[in-house]
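The report below describes a disulfide, the nonpolar cores and a surface patch, in that order.

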Amino acid sequence: VWTAISVDAVDQFQVQTTGYPAIYEGQGVMNYTIKAGGNKYHASLYEFFRNTSLDTWGFWGKAVNSVTGVATKPVEHSNEYGINIGGPLVPFGKWKDKVFVFGNYNGYRYTSATPTPITLPTAAQQAGDFSATGVNIYDPLTQAACTAANSNKPCRYQYSYNGVKNAIDPTKFSTVAKNMQSFLPSGIGTALQNNYIASNSTGLVNWSTTERIDYFVNSRDTLSLLFADGRQASSVPVGQATTGRNVGPVPYNYGQAYAPKTIVAAIEETHTFSANLLNQFKLGFARYNGPTFSSNQQLNYAASTLGITGQPTGQAQDAFPIVTFAGTDAPTNWSGTTANVTIASNYTLLDNLQWNIGKHSFTFGGQIAWMQYNVQSATGGSTPLTLAYAVTETAALPGSFTVTPSTGLAYASFLVGEPDKT
């Protein structure tokens with residue numbers, strides 16, 4: 001119910017820490033009641049507002065961003081607002097004291113940015129020039145010819161283009177590689193590492209609404225109806241805090257976005273037999289729909305559009321491939337999210353009889369629960385294609401199949417279409 005019911009709709013709550021009673025079996029360890037209306041109208045409006053412009057500097061004064069060299073307050077804006085209203089459903093006659101209603105709406109907006117350095121291939125590297133890296137790279141397509149000329153001892157010829165060693169002739173670039181790097185942004189520095197500052201922005205747009213109706217049938221019977229609905233939706237893509245995840249522009253960004261939605265409904269009938277004997281009957285329903293999306297699953301970024309064929313239907317065809325780079329001065333990995341969805345439904349029927357006698361309290365009852373839990377780990381039937389690039393494919397072979405250390409570059413292997421594994 002975490003996305004369906006706001007804090008302002010809760011009247012009382014109880015946290016079970018140890019020795020959970022049988023009455024709560026299967027229902028969690030946090031129990032609470034929702035506010036109810038009365039025979040007089042009551043309402044409230046609330047707003048919580050936060051903005052970076054209102055924030056002061058920290059205790060130690062202005063903090064200089066180690067990447068940009070500029071003193072900047074961390075961007076964090078939030079705005080939570082809502083309304084509660086309760087009272088008689090019919091404000092006159094006998095119904096004024098018999099049917100009560102309560103409603104709540106809660107909205108939440110949040111944005112933040114955490115400028116984060118990542119590594120993207122420099123303009124020179126995108127053009128095939130790796131001379132600035134100080135690492136020698138070798139052409140895997142020359143291995144047969146070099147080996148034949150080297151008394152059948154494995155070797156490769158070093159890349160050279162227009163008289164520049166460790167530069168690759170662009171005509172040797174893989175068509176897929178050229179297509180995949182075509183979305184790289186401007187503003188990439190010349191440093192071999194941490195050469196691009198990504199905003200790493202996060203946004204949330206949440207809402208929830210809760211309604212309750214109570215009908216006092218007579219002095220012994222009360223009927224209550226409850227409905228709550230809510231959604232949490234992230235920005236597309238949402239910011240990341242996990243080390244190694246790309247927070248740069250789409251489609252290289254990790255690409256995660258989510259929009260879970262929860263619905264809760266309950267019908268409760270309470271019958272009082274006497275001051276010491278009470279019966280409670282409940283019928284409840286809860287549903288959670290939690291999809292995760294990939295912002296990299298778009299037609300212009302699709303593997304099939306980039307020139308990769310023969311992939312199964314689903315994200316393998318429709319999403320930008322997940323690309324990993326390993327070794328010296330490797331770029332930050334590209335993409336990463338697999339779109340998926342989790343759907344859970346719960347139907348509960350219970351009846352409790354509470355009997356207070358003297359200093360003792362007894363509860364008798366039973367519960368029937370029907371639970372459904374479905375996970376589709378990869379929507380569409382397949383996961384995104386994963387391409388792993390390493391130094392091995394462009395490293396030197398010194399007369400054996402054991403590569404020479406400190407040679408070869410993963411991005412060079414990428415440009416010439418030589419993945420380490422897929």
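## Disulfide, cores and patch

Cysteine 146 and cysteine 155 are joined by a disulfide with an S to S distance of 1.9 Å, where a disulfide is a pair of cysteine sulfur atoms within 2.5 Å. A search of the whole structure finds one disulfide, and the link of cysteine 146 and cysteine 155 is left-handed, with -120 degrees about the S-S bond. Cysteine 146 and cysteine 155 are both buried (buried means under 20% relative accessible area, exposed over 50%, partly exposed in between, with a 1.4 Å probe and protein chains only).

This is a predicted model, in which local features need pLDDT of at least 70 and side-chain atom pairs count only at pLDDT 80 or more, while totals for chains, interfaces and linings use all residues. Residues are numbered from 1 along each chain as its sequence is written, and side-chain values use heavy atoms, leaving out hydrogens and water.

A nonpolar core is a set of buried Ala, Val, Leu, Ile, Met, Phe, Trp, Tyr and Cys residues joined through side-chain atoms within 4.5 Å.

| Core | Residues in core | Residues including |
|---|---|---|
| Largest nonpolar core | 36 residues | Phe130, Ile168, Met180, Trp334 |
| Second, separate core | eight residues | Ile5, Ala9, Ile34, Val264 |

On the surface, Ile213, Leu225, Ile267, Phe281, Leu283, Leu349 and Ile368 form a nonpolar patch with about 570 Å² of accessible area together; patches are made of residues with over 30% relative accessible area and no salt bridge, like charges being joined within 9 Å and nonpolar side chains (Val, Leu, Ile, Met, Phe, Trp, Tyr) within 5 Å. A salt bridge is a side-chain nitrogen of Lys or Arg within 4 Å of a carboxyl oxygen of Asp or Glu, and accessible areas come from the Shrake-Rupley method with a 1.4 Å probe. Phenylalanine 281 is partly exposed, with a relative accessible area of 34%.
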